[in-house]
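Please open the model in a viewer and keep the selection tool at hand.

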Amino acid sequence: MTILDESSKTCSRCGMKKPGDQFYRRLLQCRQCKREIKAAYRINNKDKIAACKAAWRAANKAHISAYQKRYCAENAESISKKKSDHAKANRERYTARSAKYRKNNKEKISDKNRALSERIPDYLVAYRITMYSKILKSSDVPQELIEARRELIRLKRLIKEISNEKC
Ligand SMILES: [Zn+2]
């Protein structure tokens, strides 16, 4: 039951007489009306609000990144627990999702893998080659061998792609 006393006011929006504690100080509209006005504003001004937030983030980049760093450092333990709990609870969902993605995006994935293997720098390819020989050092591997190793990578990828198409 609402008790009306001398602090009671009549809301200028809904016209109801309500106790003073249901008004924000110095406002003519009741809390309930104010909430509705705010909610309507948020709905009608989504783009404006988003732009405003983006502008704030852009102007406060350094501040935000410092805050995030500090927050992560101070809460490292609880963050990592939350992550692992979430991963455990959603393992099946994520496995199914990535399997579905792989199935529906075979071409995209193989294009990406191709681009990645073309981009492997020479020194890494040379390093792999040194694993076949005890005397060769990365710096001694001739370009010819690097190219040959790249061909091998292409060959393996093609075999994999063909096998994937078959199943
Ligand atoms: Zn009202």
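Select residues 91-104 to begin: this is helix H5, whose 14 residues reach 20 Å from the first C-alpha to the last, close to the 20 Å expected at 1.5 Å a residue. Helices here are DSSP runs (H or I, at least four residues), numbered from the N terminus, and the expected span is 1.5 Å times one less than the number of residues. The number of buried residues in H5 is zero, so this helix lies largely in the open; a residue is buried if 20 or more other C-beta atoms, placed from the backbone, lie within 10 Å of its own.

The model is predicted: local features need pLDDT of at least 70 and side-chain atom pairs pLDDT 80 or more, while totals for chains, interfaces and linings use all residues. Residues are numbered from 1 along each chain as its sequence is written.

Next, colour domain 1 (1-44) and domain 2 (105-166), whose bounds come from an automatic or database domain assignment. Their centres, taken over C-alpha atoms, are separated by 70 Å.

Now select helix H7 (residues 122-130) and helix H8 (residues 143-166), whose axes come within 9 Å and cross at roughly 85°. The axes are lines fitted to C-alpha atoms over the stretch in contact, with angles from 0 to 180 degrees between N-to-C directions. H7 and H8 are therefore roughly perpendicular, a term covering 65 to 115 degrees. Show Asp122, Val125, Ala126, Arg128 and Ile129 of H7, which meet Leu145, Ile146, Arg149 and Arg150 of H8; contact requires C-beta atoms, placed from the backbone, within 7 Å.

Methods: Helices (H or I, at least four residues) and strands (E, at least two) are DSSP runs, numbered from the N terminus. A residue is buried if 20 or more other C-beta atoms lie within 10 Å of its own, exposed if 12 or fewer, and partly exposed in between; C-beta atoms are placed from the backbone. Angles under 35 degrees count as roughly parallel, over 145 as roughly antiparallel, 65 to 115 as roughly perpendicular and the rest as oblique. Two residues are in contact if their C-beta atoms, placed from the backbone, lie within 7 Å.
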